Amino acid sequence: MNPHGLFCPNILSFIFVILLSFHGEALAAENHENFLKCLSLQSNTISKVIYTQTNSSYSSVLKASIKNLIFSTPTNPKPVFVITPFHVSEIQAAVKCSKKNGLQIRVRSGGHDHEGLSSISDVPFIIIDLINFIEISVDVEEKTAWVESGATIGQLNYRIAEKSQNLLTFPVGTCPGVGVGGHFSGGGYGVLLRKYGMAADHIVDAHMVDVKGRFLNRESMGEDLFWAIRGGGGASFGIIVSWKIKLVAVPPTVTVFNVPRTLEQNATKLLFKWQCIADKVHEDLFISPLLLRVNSTMVSVFTALFLGGVDRLLPLMQDSFPELGLTRKDCREMTFVESIVYLDGYEVEEPINVDVLLGRDFHVRFFRGKVDYLTEPIPEEAFQGIYDIFLEQDQETNGVLMFFPYGGKISEISESEIPYPHRAGNIYTLLYYAGWDLESTDDTYQRHDNMLKKLFNYMTPYVAKNPRTAYINYRDLDVGTNNKLGHTSVQEASVWGKKYFKNNFYRLVHVKTMVDPENFFRNEQSIPPFNLVKDEL
Ligand SMILES: Cc1cc2nc3c(=O)[nH]c(=O)nc-3n(C[C@H](O)[C@H](O)[C@H](O)COP(=O)(O)OP(=O)(O)OC[C@H]3O[C@@H](n4cnc5c(N)ncnc54)[C@H](O)[C@@H]3O)c2cc1C
Ligand SMILES: *[C@@H]1O[C@H](CO)[C@@H](O)[C@H](O)[C@H]1NC(C)=O
Ligand SMILES: *[C@@H]1O[C@H](CO)[C@@H](O)[C@H](O)[C@H]1NC(C)=O
Ligand SMILES: *[C@@H]1O[C@H](CO)[C@@H](O)[C@H](O)[C@H]1NC(C)=O
C-alpha cells in the first residue's frame, strides 16, 4: 500500500476545513457581536448577567448547574454565552436577539436533564440559566404558592412546610436538588403520586416568555399552550418563568421504613408479591423496593412512606403484605418534610438538616438512567435473569432498579388531562439507574451503559408494549431523536413522541405548530411543528 495515496487527500481536505472554519468563525464572531449589540439595545441591565467565553467566571457559572458530569467534559460543546437573568425583560431580550442572530437557546433550571440537553447542543447556542429565579411565595390561607422555575423541589417543600407548620406540601420527586422548571414541565412525580398524582396535575397558572418574546400568563397563553407546558417538556414551547400551584395536605405525622431482604430472606418472593399488591393497597401507603447487588448476592430494600402513624400502618401491612414481616421496630414516625431528608438517605436530626433540602447539589457525579412501565407482574422465575446480569458485572460496575408503585390518584386522572399519559393500567414504573464516582473515562461510561442496556433488553417481554412507554423526565435519547439540528418530520418524531406522550403527542404537535411554527425552540427531543419538513411526503 502506498502511504502517499492516503496522505494527499488528507492534506487537501485539511486545507478545505481550515478555509471553511475561518469563514465560519468570522461569521460567528460577527453574529456574536451583533447579538451583544442587540441585547444592549433591548435591555440596559443585561450586561451584568452575560458571561462570555473570555469571562473568568464563565466556566464556573457553566458548570455550576451541570449535575451530571458526563456532560461537563472538555469535549462537550460549550455555549457562546451563559445568561443568568434577574428580570423577565432580560429573558425577553435574550429570546429576541437569539432569534435574530441564529443562536439556539437552551433553558436551564436545575440542570438534572438525564441527557444534558439543558447544557449542551450541537449548534451554536446560549444558555439561559434561571439560577436567580428562585423565589417561592406560599399562601397558606388559599393553599397555593407561586414558585419560580430556578428553585429546587427541596426548597419548595421546605418553604411550604415552614409556612404551613408541616400541614401542606406539593407532590414532587424525591431528590431535593431537582429544578422546578424541568420537573414541572416534564410532569414530576414522587412518593405522593398514589395520593395526589403528578406535580403537573396541580398547576393552576404559569408565567412564560414565548418565541416572540412576549410575557404570557395562563389567560393570555390560552388553554392549549397551558396544557402543553404541564408535562409536554418545557423546552419545546418557551421559557416558563414561574408556576402557580395548588398545595396538598399531609398529616402532621408520617411513617417511614427501610427494610432490606436478601435472596436467602426470600427477596424474590417478596418482590413478586409486592407487584401484586403495590398499586392496590391504601393510597396513603407508598412502598417502593430497590434492587441491587451487594457483594455477590442480591438485596431488595423495601422503602416506604405512609401518610399516617405506625398504629394505622401495621394492620394495613398485616392485611396486604404480611410476608414482609414488618415490625414496629422497623418503623419511624416523623414529619413529612423530615421524611424527604430520610428518603434521600440522610439522618433525620433535630433541628432538621436544612442543607439537604435547600442545597442544589446531587451527590452522584456521573449517572445514566432508563425507564419502563409495567402493566403486569414480572413472573417470579424471570427475576433470576435480572440477577444474572447484575452478578456478571465486575465489582466496579453496579446499578440499581427502583420500583415506583402506581394506582390511586395517578391512575384516576384521564390520559389526556395533561400531556403525561401513563395512568390507569400501569402497576408500576421501573427505573434502571447507574451512578458512579470514578473519573468518567469512556470505559466507565461504557460499562455502566452496557449494563443498563442489557437489563433493558432482558426486560422487553415483561414491560408495556406498542409502544414501549417512557417518561420525558427520565429522558433517554435511545428511544429515538430528531436529527442533529432538532428538525424532524412529525412522522419520524412520533416514534419517540408516542413513547413519551402516547396520543397526546399529536396535540403537542398541534400546539407547537400554533405557537412556534418555525421551530425556534428545539432540541434532540423537542416536539416538531407540522409542515416544517413535508410531512405528507
Ligand atoms: C438525581 C435525580 C433524581 C430525580 N428524581 C426524580 C423523581 O423523583 N421524579 C421525577 O419525576 N423525576 C425525577 N428526576 C428527573 C427530573 O424530574 C428531570 O430530570 C427534570 O427535567 C429536571 O429538571 P431540572 O430543572 O433540574 O433540569 P434541567 O436540566 O434544567 O431541565 C430539563 C429540561 O427541561 C428544560 N427546561 C428547564 N427549565 C425550563 C424552563 N424554565 N422553561 C422551559 N424549559 C425548561 C430544559 O431545557 C431541559 O430540556 C430526577 C433526576 C435526577 C437527576
Ligand atoms: C464577567 O461577567 C459578569 C456578568 O456579566 C460581569 O459582572 C463581570 O464583570 C465579568 N468579568 C470579567 C472578568 O469580564
Ligand atoms: C421464606 O419463605 C418460606 C415459605 O415460602 C418460609 O417458610 C420461610 O420462613 C421464609 N424465610 C424467611 C427468612 O422469611
Ligand atoms: C458484604 O461484604 C462486606 C465485607 O466483606 C460485609 O461486611 C457485608 O456484611 C457483606 N454484605 C452482605 C449483604 O453480604
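Biologist: Is Asp476 buried or exposed?
Modeller: The relative accessibility of Asp476 is 4%. Buried means under 20%. This is a predicted model, and in it Asp476 counts as buried.

Biologist: Which residue forms a salt bridge with Asp476?
Modeller: The closest N and O atoms of the pair are 2.8 Å apart. The cut-off for a salt bridge is 4 Å. The partner of Asp476 is Lys370.

Biologist: How many residues apart in sequence are the parts that Lys370 and Asp476 tie together?
Modeller: Lys370 lies in strand 16, residues 366–374. Asp476 lies in the loop between helix 14 and helix 15 (490–501). The pair therefore ties together parts whose separation in sequence, in residues, is 106.

Biologist: What is the relative accessibility of Lys370?
Modeller: Lys370 counts as buried. That class needs a value under 20%. For Lys370 the value is 4%.

Biologist: How many salt bridges does the count come to?
Modeller: The rule asks for a Lys or Arg side-chain nitrogen within 4 Å of an Asp or Glu carboxyl oxygen. By this rule the count comes to 30.

Biologist: Which residue forms a salt bridge with Asp129?
Modeller: The closest N and O atoms are 2.8 Å apart. Asp129 sits in strand 4 (residues 125–129) and its partner in strand 3 (residues 104–108), so the bridge ties together parts 21 residues apart in sequence.

Biologist: How far apart are the closest N and O atoms of Lys454 and Glu392?
Modeller: Lys454 and Glu392 form a salt bridge. It links distant parts of the chain, 62 residues apart: Lys454 is in helix 14, and Glu392 is in the loop between helix 12 and strand 17 (400–405). The closest N and O atoms are separated by 2.6 Å.

Biologist: What is the relative accessibility of Glu392?
Modeller: Lys454 counts as partly exposed at 43%. Glu392 also counts as partly exposed. That class runs between 20% and 50%. For Glu392 the value is 45%.

Biologist: Which residues are joined into one network by salt bridges that share partners?
Modeller: Lys370 and Asp476 form one of the salt bridges. Shared partners join these residues into one network: Glu115, Arg368, Lys370, Asp449, Lys453, Asp476 and Asp478.

Biologist: Where is Lys453 placed?
Modeller: Lys453 is partly exposed, with a relative accessible area of 31%. The C-alpha atoms of Lys453 and Tyr58 are separated by 35 Å, and the two residues are 395 residues apart along the chain. The place of Lys453 is in helix 14.

Biologist: Is helix 12 roughly parallel or roughly antiparallel to helix 14?
Modeller: The axes of helix 12 (residues 383–391) and helix 14 (residues 442–458) come within 10 Å. They cross at roughly 170°. Angles over 145 degrees count as roughly antiparallel, and that makes helix 12, relative to helix 14, roughly antiparallel.

Biologist: Which residues of helix 14 make the contact with helix 12?
Modeller: By class, the contact has six nonpolar, one polar and one charged residues. Helix 12 contributes Gly385, Ile386, Ile389 and Phe390. Helix 14 contributes Met451, Lys454, Leu455 and Tyr458.

Biologist: Which cysteine does the disulfide join to Cys38?
Modeller: The whole structure has one disulfide. It links distant parts of the chain, with Cys38 in helix 1 (residues 3–42) and its partner in helix 3 (residues 88–100), 59 residues apart. The S to S distance is 2.0 Å. The partner of Cys38 is Cys97.

Biologist: Is the disulfide of Cys38 and Cys97 left-handed or right-handed?
Modeller: Cys38 and Cys97 are buried. The torsion about their S-S bond is about -80°, so the disulfide is left-handed.

Biologist: How many of the eight residues of helix 10 are buried?
Modeller: The buried residues are Phe336, Val337, Glu338, Ser339, Ile340, Val341 and Tyr342. Their cover includes helix 4 (153–164), strand 12 (254–262) and strand 14 (297–306). Helix 10 (residues 336–343) is largely enclosed by the rest of the structure because the number of buried residues is seven.

Biologist: Which residue with a positive phi follows helix 10?
Modeller: The phi in question is near 95°. The residue is Gly345.

Key. Residues numbered from 1 in each chain as written. Chains lettered and ligands numbered in written order. Predicted model: local features only at pLDDT ≥ 70, side-chain atom pairs only at ≥ 80, totals over all residues. Heavy atoms only, no water. Axes fitted to C-alpha atoms, helices over the stretch in contact; angles between N-to-C directions. Helix = DSSP H or I, 4+ residues; strand = E, 2+ residues; numbered from the N terminus. Parallel < 35°, antiparallel > 145°, perpendicular 65-115°, else oblique. Contact = heavy atoms within 4.5 Å. Nonpolar A, V, L, I, M, F, W, Y, C, P; charged D, E, K, R; others polar. Buried < 20%, exposed > 50% of the residue type's maximum accessible area, 1.4 Å probe, protein only. Disulfide = S-S within 2.5 Å.
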